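Hi everyone, thanks for coming. I'd like to walk you through one structure today, so please have a look at it with me.

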Amino acid sequence: SENAPEVRIAIGHGIVGQVAANGETVNIVDASGDDRFDVAIDSQHGYQTKHMLCLPLVNKTGSVIAVLQLRNKLKGSCFVLKDVQALEQWCRQAALALDNSLL
């Protein structure tokens with residue numbers, strides 16, 4: 001949404017920051033039960049994260065250039081393997097598009 005607040009997370013901080021640091025996808029069924037989850041961001045924005053999927057966008061040289069975060073799947077109880085596979089493919093295309101936009 002155009003009115004959604006921008007949230008920036010430091011590399012290595014929280015779940016998103018960990019994905020940025022190590023380039024590995026993280027799928028969490030119970031965010032509040034995960035030690036890496038930072039409740040401060042939910043508190044700031046009046047949101048309650050139940051489950052979360054974070055995927056790295058990796059460029060041609062293997063560097064993480066962004067992280068895609070999805071929270072609280074609308075249909076179903078959590079993100080499943082099919083979601084992860086489809087979004088990994090989307091992330092590869094998005095990273096390529098971002099790389100090409102810098103040419």
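Let's begin inside: which residues make up the largest nonpolar core? Keep in mind that this is a predicted model. The core has 10 members, namely Leu53, Leu55, Leu57, Leu68, Phe79, Val84, Leu87, Cys91, Ala94 and Ala95. Two elements, strand S2 (52-58) and helix H3 (81-101), each give at least two residues to this core. The largest share, five residues, is from H3. In general, nonpolar side chains in soluble globular proteins tend to be buried together.

Leaving aside residues up to four places away in sequence, Val84 touches Thr25, Asn27, Leu53 and Leu55. Apart from this core there is another one, of nine residues, including Ile15, Val16, Ile28 and Met52.

That takes us to helix H1, which spans 14-22. Buried residues in H1 are Gly14, Ile15, Val16, Gly17, Val19 and Ala20. And what covers them? The cover includes strand S1 (26-28), S2 and S3. After H1 comes Gly23, with a positive phi near 70 degrees.

H1, helix H2 (39-45) and strand S3 (64-71) each contribute at least two lining residues. Sorted by class, the lining has 11 nonpolar, five polar and five charged residues.

Technical notes: Residues numbered from 1 in each chain as written. Predicted model: local features only at pLDDT ≥ 70, side-chain atom pairs only at ≥ 80, totals over all residues. Heavy atoms only, no water. Helix = DSSP H or I, 4+ residues; strand = E, 2+ residues; numbered from the N terminus. Nonpolar A, V, L, I, M, F, W, Y, C, P; charged D, E, K, R; others polar. Core = buried A, V, L, I, M, F, W, Y, C linked by side-chain atoms within 4.5 Å. Buried < 20%, exposed > 50% of the residue type's maximum accessible area, 1.4 Å probe, protein only. Contact = heavy atoms within 4.5 Å.
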